[in-house]
Amino acid sequence: MSDRPFVRPEVAAAKPYVPGLSIEEIQAKYGLSRVVKLASNENPLGVSPVVRDVLARKAGLAFRYPQLGYPKLRAAAARALGVAQEQVVAGNGSDEIIDLLIRTLCRPGQDVVMTARPCFSVYCSQARLCGVELRQLDLNPDFSLPLEAMLAQARELGDRLALVFVTTPDNPSGAAMPAERLLEFARALPSRTVLAIDEAYVHFVDDPACASLLSRLTELGDLTQRLVFIRTFSKAYGLAGLRLGLGILAPWLAEAMLRVQIPFSVNLLAEEAGIAALGDEVHLAETLRVTLEGRQLLQRELAALGCRVWPSQANFVMFQPPMPAKEVHEGLLRRGVIARPLASYGLTDNMRVSVGRDDENREFLSALAAVLREGAK
Ligand SMILES: *Cc1c(COP(=O)(O)O)cnc(C)c1O
């Protein structure tokens with residue numbers, strides 16, 4: 001008999017999420033006082049002073065339940081993004097938006113979720129937990145989406161294809177998709193299929209051809225009924241620890257998802273912080289300046305160190321070091337730098353480094369140079 005006799009088979013088969021290593025773990029393990037964490041694509045500038053101030057002022061309200069359906073946040077997000085309040089859903093991180101989409105749209109044992117391989121693991125874990133079939137198609141060698149293969153499967157599946165997830169810019173490659181190609185793909189999907197575009201890193205895009213389709217909703221007509229944009233406060237807005245994400249989608253879908261959502265999963269302080277963050281253009285602009293400058297520095301210097309470097313439109317860079325990634329990862333840890341090995345994505349040769357502040361980027365680069373020198377001996 002199984003050692004989990006009363007657990008649903010989907011749950012018994014589930015693998016736990018693998019997060020980046022924490023600063024505390026590495027300090028304890030290697031006896032270090034200073035650790036630079038460039039593993040989880042967090043905002044290197046931290047929480048904006050404006051948001052900090054709001055959190056301090058609102059802390060005393062934490063004994064109250066939030067307003068059901070977070071109407072103030074929905075209104076603020078709608079205003080900031082140029083959509084109607086009825087088109088906005090918020091979640092406990094965008095992870096909850098992903099989970100809600102699957103639970104709202106997909107019939108277990110009947111419908112299919114399609115995505116790429118490798119991809120952000122939450123699409124897969126939540127589909128599996130819900131008992132929904134998952135079709136993963138390998139990315140092209142340049143990490144672009146295999147659009148033709150996806151459409152061929154989509155035609156075969158027809159109405160059974162409930163949901164497609166695409167990530168642009170993608171994690172972990174940093175590749176972004178041209179908006180025109182994405183639009184063409186969306187139009188070619190079956191008429192029942194919802195296309196969810198995960199734009200966790202969209203703020204960092206500087207290629208105008210890859211800008212979000214969100215600003216063009218009015219020209220998209222009926223297609224808007226089955227397009228979803230997923231945004232997060234964890235990256236550009238620097239609020240990963242508060243857990244806040246957004247879905248921008250058709251009112252019929254927002255209304256359905258709000259029925260599925262646990263009441264109050266967006267907490268009162270997250271709601272207040274989110275509203276403040278949306279209004280704080282100064283912190284966002286500074287974040288973008290630091291990130292785009294740092295991204296350029298990392299790409300240039302990684303190449304100079306003999307790494308293969310992939311183009312990135314995100315706040316991280318994927319690279320292949322000229323010696324085994326596992327050894328490089330461990331060498332960096334010993335020197336107090338946490339980067340992300342990509343074995344859990346099936347990319348054993350590659351690593352991902354988040355763009356940090358200038359001092360952090362330089363510390364990472366000199367630690368990497370030392371690791372490579374040592375390895376060459
Ligand atoms: C970081 C990330 C998110 C954000 O998740 P949250 O739950 O909002 O913290 C979503 N999608 C991708 C692809 C990411 O890399």
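A polar contact is a pair of N or O atoms within 3.5 Å of each other. The views below show a predicted model.

View A. The ligand is surrounded by 14 residues. The closest of them are Tyr-201, Thr-232, Ser-234, Lys-235 and Arg-243.

View B. For Thr-232, the distance from a side-chain N or O atom to a ligand oxygen is 2.6 Å. The side chain of Tyr-201 likewise places an N or O atom 2.6 Å from an oxygen atom of the ligand. The ligand taken alone exposes 390 Å², of which the protein buries 93%.

**View C. Packing of helix H3 against helix H10.** Helix H3 spans residues 49–58, and helix H10 spans residues 268–279. Their axes are 9 Å apart and form an angle of about 145°. The crossing of H3 and H10 is right-handed. On the H3 side, the contact is made by Val-50, Val-51, Val-54, Leu-55 and Lys-58. H10 contributes Leu-268, Leu-269, Glu-272, Ala-273, Ala-276 and Ala-277. By class, nine of the contact residues are nonpolar and two are charged, with no polar residues.

**View D. The cis peptide bond from Arg-117 to Pro-118.** Omega of this bond is near 0°. Pro-118 belongs to the loop that runs between strand E3 (112–117) and helix H6 (121–129).

**View E. The cis peptide bond from Thr-168 to Pro-169.** Here omega is near -5°. The loop that holds Pro-169 lies between strand E5 (161–167) and helix H8 (179–188).

**View F. The backbone at Phe-143, with a positive phi.** Phe-143 is a residue other than glycine, and its phi is near 70°. This residue is located in the loop between strand E4 (133–138) and helix H7 (147–157).

Terms used. Residues numbered from 1 in each chain as written. Predicted model: local features only at pLDDT ≥ 70, side-chain atom pairs only at ≥ 80, totals over all residues. Heavy atoms only, no water. Axes fitted to C-alpha atoms, helices over the stretch in contact; angles between N-to-C directions. Helix = DSSP H or I, 4+ residues; strand = E, 2+ residues; numbered from the N terminus. Left-handed = near helix turned anticlockwise from the far one by under 90°. Contact = heavy atoms within 4.5 Å. Nonpolar A, V, L, I, M, F, W, Y, C, P; charged D, E, K, R; others polar. Near = heavy atom within 4 Å. Polar contact = N/O pair within 3.5 Å; in protein donor to acceptor, adjacent residues only side chain to side chain. Areas by Shrake-Rupley, 256 points an atom, 1.4 Å probe, with all protein chains shown as cover.
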